[in-house]
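Okay, thanks everyone, let me get the model up on the screen.

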Amino acid sequence: MDKTSKGTLYFKRSNGERVKLEENLNMEEAMVPIKKFIDDHNYKSYYTRTWQNDDEIWYDVGSYSEFFILKLYDYNTKLT
């Protein structure tokens, strides 16, 4: 994947609601607000797993029902 591709970062709550966190981030830059969110909510993450579904990069930080999603502006960007 082109790690410079930009998108909007969302937090997906367990009820399915998406909360916008920040805009215009690439995959690496998205880790900064993710870490801040985790710290602010006193959550301890032991790993980060990522995968792509169409135009979204999903970040799993250990919760079974909540995720971070980077919705890419360029739909044609794919993980490699």
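So, start with the cluster: Phe11, Phe37 and Phe68 make up one aromatic cluster. Before I go on, this is a predicted model, with local features needing pLDDT of at least 70 and side-chain atom pairs counting only at pLDDT 80 or more, while totals for chains, interfaces and linings use all residues. Residues are numbered from 1 along each chain as its sequence is written, and side-chain values use heavy atoms, leaving out hydrogens and water.

Searching the whole structure gives 6 aromatic pairs; rings of Phe, Tyr and Trp (its six-membered ring) pair if their centres lie within 6.5 Å, and planes under 30 degrees apart are stacked, over 60 edge-to-face, the rest tilted. Phenylalanine 11 and phenylalanine 68 are a tilted pair, 5.1 Å centre to centre with 55° between the planes. That pair links strand 1 to strand 5 (residues 67-72), 57 residues apart; strands here are DSSP runs of E, at least two residues, numbered from the N terminus.

Buried or exposed, then, for phenylalanine 68? Buried, at 2% relative accessible area, and phenylalanine 11 is buried too, at 7%. The cut-offs are under 20% for buried, over 50% for exposed, and partly exposed in between (1.4 Å probe, protein chains only).

Now threonine 8, which sits in strand 1 (residues 7-12). Threonine 8 counts as buried because its relative accessibility is 7%. Leaving aside neighbours within four places in sequence, its contacts (heavy atoms within 4.5 Å) include Lys20, Ile69 and Tyr73.

Definitions and conventions
Helices (H or I, at least four residues) and strands (E, at least two) are DSSP runs, numbered from the N terminus.
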